[in-house]
Amino acid sequence: MLERLDHALRSRPERPAVLTAARTGAPRVRATRGELAELADAFAAALHARGLRAGDTVGVAVRPGPRALAVLLALWRLGLRGAVLDPGAGPDVLRARLALARPALVLADAAAQAVAGWARPLARRAGLALPDLAGLGPVATVGPRLPGCAPSLDLGAPRLGVPARAAVDDDADAVIVFTSGTTSRPRAVVHTRASLSAGMATVSSLFDARGDEPVLGGTFFVLVPSLTRGAAVALPAGNARVLARQLHRLRPSDTYLTPPRLRDALGAGARFHGRVWTGSAPAGAGLLERVRDAGAAEAWGVYALTELFPAAAVESREKSAFDGAGDLVGATLPGVRAGRDDDGQLLLAGPAARHRYLGEEPDPWVRTGDRARLDATGRIVLEGRCKDMVLRRAENIYPGLYEPALHVPGVELAVLVGIPAGDGDERLVAVVQPQRGADEPALRAALSEPVARMGTARPDEVLLARIPLSGRSRKPDRAATAALAARHLGPA
């Protein structure tokens with residue numbers, strides 16, 4: 001698909017490619033299709049002039065947008081392997097993982113270099129941190145260079161002799177993306193050119209973007225298929241009120257936002273249009289129904305992992321009609337196979353599955369870490385994380401089985417966590433985040449019925465509080481939520 005994208009960009013160079021929003025929500029053209037193709041050519045020439053060749057690793061610390069996409073297009077063209085340096089992973093973890101694949105060059109914008117340098121204390125408050133980039137390998141600045149930044153990448157390098165396409169096969173590594181793990185056991189997902197292409201093809205079949213209608217979303221898996229089909233892509237505004245105005249002015253045919261961004265947008269009074277997609281974190285039926293009530297024709301939850309994107313999808317009506325225990329995430333998408341191991345862990349395989357973890361042997365099956373079952377029609381129903389089990393009075397409690405029931409009207413997010421209760425036992429606490437403006441006494445009354453139906457999994461306490469989020473996908477941070485509950489509730 002990336003070869004198709006390159007051709008598509010050059011066929012209509014005058015058309016908008018990437019949009020941003022003014023404070024009023026009005027769209028602004030950040031880059032045309034021709035400008036994006038030209039930037040990718042310049043990056044490819046600069047990297048080739050530095051002596052980088054197929055198979056070399058390039059660290060990428062560039063904010064999402066036209067430059068980041070152009071960098072990835074250049075890496076693809078030259079057969080280079082990109083290691084995406086996520087500032088949310090933490091410097092120790094990044095340093096340990098990259099010891100397995102030292103970059104021949106690190107490409108970083110001024111913001112990333114600030115996070116790794118003079119702005120480190122400020123960035124840490126936002127949960128962002130990067131190691132000293134120069135300690136990872138040679139560094140070159142992408143985009144405007146500020147004082148203290150590394151020398152700029154030479155975008156005036158000669159283009160003569162730069163290959164139009166690297167002589168590598170589909171099994172060659174394309175990208176390294178960091179995922180969960182520890183410094184003692186680094187985990188980094190390695191996708192090949194084939195698995196990356198398969199994932200983008202699946203997303204393309206879901207979105208079905210048309211060239212005459214814009215798409216809103218900022219991820220690589222949204223940008224590439226949409227631009228290939230000729231659609232302009234709008235990067236979501238960071239401010240929730242501006243995002244609401246952006247949605248109103250743009251009226252995108254397809255919108256992709258993570259669940260936290262959706263909640264923020266709804267809280268700001270956003271109205272939706274067309275199809276809305278959300279994933280990378282749990283999205284309950286209540287959230288999807290709120291999106292449809294706010295104007296969306298369809299609201300979809302996508303089950304996806306760094307190791308396999310995407311795996312399954314479910315529309316809000318189907319999710320709301322499900323009355324069984326657990327969280328229905330839908331039928332597997334074409335080419336995806338699902339199974340379970342002896343412990344009930346969901347296993348996935350397919351053309352879009354990662355090839356391996358860095359430093360480990362290839363494995364066709366992705367161990368998701370989610371407990372799940374397959375219903376009579378083959379749909380995936382999650383039953384909680386394997387490691388999120390709570391042990392109370394010698395009984396194993398899997399939060400994922402019961403958390404969907406807590407999403408009554410007025411609830412924005414809810415998780416069940418265990419906190420120490422002495423003698424190795426745990427107290428089960430339901431931590432519930434109310435929607436903005438919700439009446440707390442009424443909310444507690446509404447929660448009493450589903451809580452009463454939980455039987456032996458009934459929580460010992462219900463705490464109304466804002467739930468901490470973590471990681472690139474802004475998922476509920478269960479460890480931080482448990483710590484918050486322990487501070488609020490004190491000893492048993």
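The questions below concern helix packing, a cavity and a pocket in a predicted model.

Q: What makes the contact of α10 with α11, and how do its residues divide?
A: Pro259, Leu262, Arg263 and Leu266 come from α10, and Leu287, Arg290 and Val291 from α11. Counting Leu, Val and Pro as nonpolar and Arg as charged, the contact holds five nonpolar, no polar and two charged residues. The crossing of α10 past α11 is left-handed.

Q: Which residues make the contact of α1 with α2, and what handedness has the crossing?
A: The crossing is left-handed. Ala8, Leu9 and Arg10 of α1 meet Arg33, Gly34, Leu36, Ala37 and Asp41 of α2. The contact divides into four nonpolar, one polar and three charged residues; Gly counts as polar.

Q: How many cavities of 30 Å³ or more are found, and how much space lies in the largest cavity?
A: A search of the whole structure finds one cavity of 30 Å³ or more. The largest cavity holds about 90 Å³ of space. A cavity is a set of points where a 1.4 Å probe fits but cannot get out.

Q: What lines the largest cavity, by element and by class?
A: Elements giving two or more residues to the lining are α7 (193–207), α8 (220–228) and β14 (308–315), and α7 gives the most, with three residues. Among the lining residues are Val203, Leu206, Phe207, Trp277 and Thr219. By class the lining has ten nonpolar, one polar and no charged residues.

Q: Which residues are closest to the centre of the second largest pocket, and which helix gives the most to its lining?
A: This pocket has about 240 Å³ of space. Of its 15 lining residues, Gln113, Ala114, Gly117, Gly148 and Cys149 are the closest to its centre. Helix α5 (residues 110–116) gives the most, with four residues. The lining has eleven nonpolar, three polar and one charged residues.

Methods
Residues are numbered from 1 along each chain as its sequence is written. This is a predicted model: local features need pLDDT of at least 70, side-chain atom pairs count only at pLDDT 80 or more; totals for chains, interfaces and linings use all residues. Side-chain values use heavy atoms; hydrogens and water are left out. A crossing is left-handed if the near helix is turned anticlockwise from the far one by less than a right angle, and right-handed if clockwise. Contact means heavy atoms within 4.5 Å. On a 1 Å grid over the protein atoms alone, a cavity is a set of points where a 1.4 Å probe fits but cannot get out, and a pocket is an open set with protein on both sides within 12 Å along at least five of seven lines; lining residues have an atom within 4 Å of a point. Grid points are joined across faces, edges and corners, and a volume is the space filled by probe spheres set on the points.
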